[in-house]
Amino acid sequence: MKEYLNGLQHIGILVKDFDKTCVFYKQIGFEEAYSTKQPNGGKAAFYKLGDLMLELYESSDWKGISGTIDHFSIDCSDIDKAYAEVTAMGAEVVSNGIEALPYWEHGIRFFTIKSPNGEKVEFCMKL
């Protein structure tokens, strides 16, 4: 599997006040790389600082807990092979299989698993 996994793609953070959060990250040096609406109508944006990419998005799941990191995402060059290997390992898939969103220029395909410790790990391929 290692041959088509490229490293960290982004860290997904649930936010309560989207606009205020975006201003904060801009103030500390991040630049907006992409902005969009989620399928549910909520705001979403990606902010980049060097090699670090954050996905900030509004969510009703925000619980008011400090550091509400929802997932980290691994950049993937072959989502189908990664999905086949992860499911063969018996990993708990918590997405609806491989999903798609119209993010970035040509969209993305992704899936999410849960580790034995409970954190969510997303595998994501930009199209």
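Student: What pattern does the protein chain follow, read along the sequence?

Tutor: The pattern is β-α-β-β-β-β-α-β-β-β-β. That comes to 2 helices and 9 strands. Helices (H or I, at least four residues) and strands (E, at least two) are DSSP runs, numbered from the N terminus. This is a predicted model: local features need pLDDT of at least 70, side-chain atom pairs count only at pLDDT 80 or more, and totals for chains, interfaces and linings use all residues. Residues are numbered from 1 along each chain as its sequence is written, and side-chain values use heavy atoms, with hydrogens and water left out.

Student: What radius of gyration does the protein chain have, against that of a compact globule?

Tutor: The radius is taken over C-alpha atoms, and the globule rule is 2.2 Å times the number of residues to the power 0.38. For 127 residues a compact globule would come out near 14 Å; the protein chain has 15 Å, which agrees. Along the principal axes, the C-alpha atoms fill a box of roughly 40 × 30 × 25 Å.

Student: What share of the contacts join residues at least 24 apart?

Tutor: Contact means heavy atoms within 4.5 Å. Take the contacts between residues at least 6 apart in sequence: 54% of them join residues at least 24 apart.

Student: How many positive and negative side chains are there?

Tutor: Lys and Arg count as positive, Asp and Glu as negative; His and the chain ends are not counted. Each charge is placed at NZ of Lys, CZ of Arg, CG of Asp or CD of Glu. The protein chain has 13 positive and 19 negative side chains. The centres of the two sets lie 5 Å apart.

Student: How many disulfides does a search of the whole structure find?

Tutor: A disulfide is a covalent bond between the sulfur atoms of two cysteines. The test is a pair of cysteine sulfur atoms within 2.5 Å. The search finds 0. For Cys-22, the nearest cysteine sulfur belongs to Cys-124, 19 Å away. For Cys-76, the nearest is also that of Cys-124, at 8.6 Å.

Student: Is Cys-76 buried or exposed?

Tutor: Cys-76 is buried, at 3% relative accessibility. Cys-22 is buried too, with a relative accessible area of 7%.

Student: What is the phi of Trp-104?

Tutor: Most residues other than glycine have a negative phi. Trp-104 has a positive one, near 60°. Its place is in the loop between β7 (99-101) and β8 (108-114). At 19% relative accessibility, Trp-104 counts as buried.

Student: Where is Gly-118 found?

Tutor: Gly-118 is in the loop between β8 and β9 (120-126). With a relative accessible area of 36%, Gly-118 is partly exposed. Gly-118 and Glu-92 are 26 residues apart in sequence, and their C-alpha atoms are 9.9 Å apart.

Student: Which residues does Ser-59 touch?

Tutor: Leave out residues up to four places away in sequence, and Ser-59 touches Leu-14 and Val-15. Ser-59 lies in the loop between β4 (52-58) and β5 (69-76).

Student: And where is Met-1 found?

Tutor: Met-1 is in the segment before β1 (5-15). Its contacts, again not counting residues up to four places away, include Ala-82, Met-89 and Phe-123. Met-1 and Val-15 are 14 residues apart in sequence, yet 32 Å apart from C-alpha to C-alpha.

Definitions and conventions. Buried < 20%, exposed > 50% of the residue type's maximum accessible area, 1.4 Å probe, protein only.
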